[in-house]
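Hello,

Please find the structure below, with notes on what was found in it after that.

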Amino acid sequence: MVGGLVGSTSYGWLLVKMLWVAEALRGQGLGARLMTEAETIARSRGCHGAWLDTSSARAERFYIRFGYEPFGVLMNRPGEQPRDTAAPFSPSA
């Protein structure tokens with residue numbers, strides 16, 4: 001697999017949960033094509049807006065170049081930075 005986008009539409013919104021492109025293929029327009037296709041599908045379903053999030057500065061720059069604007073930032077307080085942001089989350093009962 002060289003890339004993909006996972007998203008959904010609901011209540012007039014496109015929700016992009018994940019967008020990825022293989023490192024070796026970045027910068028060649030694949031991410032833009034995936035976003036364009038997702039937006040086209042969303043428009044055909046009557047969507048009026050899109051929502052996505054990222055914790056990657058590189059991805060944030062991509063989305064801004066694509067015309068998206070940040071509307072909020074979640075920050076950890078000093079001393080509360082996660083040790084390993086890639087660790088799986090498993091809530092316990």
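Helices (H or I, at least four residues) and strands (E, at least two) are DSSP runs, numbered from the N terminus. Just after helix 1, Gly46 takes a positive phi of about 85°.

This is a predicted model, in which local features need pLDDT of at least 70, side-chain atom pairs count only at pLDDT 80 or more, and totals for chains, interfaces and linings use all residues. Residues are numbered from 1 along each chain as its sequence is written, and side-chain values use heavy atoms, with hydrogens and water left out.

The sheet: three strands form an open sheet in the order 1-2-3, with mixed pairing (two strands pair if DSSP finds at least two bridges between them). Strand 1 (3–10) and strand 3 (49–52) are the edge strands, each pairing on one side only. From one strand to the next the twist averages 30°; axes are lines fitted to C-alpha atoms, for helices over the stretch in contact, and angles run from 0 to 180 degrees between N-to-C directions. Strand 2 (residues 13–21) and strand 3 run parallel and are joined by four bridges. In strand 3, Ala50 stands opposite Leu14.

The helix: helix 1 (residues 30–44) lies across strand 1, strand 2 and strand 3, at about 160° to strand 2. Its buried residues (under 20% relative accessible area, 1.4 Å probe, protein chains only) are Leu30, Gly31, Met35, Ala38, Glu39 and Ala42. Their cover includes strand 1, strand 2, strand 3 and helix 2 (57–65), by contact, meaning heavy atoms within 4.5 Å.

Regards

Note on methods
Buried means under 20% relative accessible area, exposed over 50%, partly exposed in between (1.4 Å probe, protein chains only).
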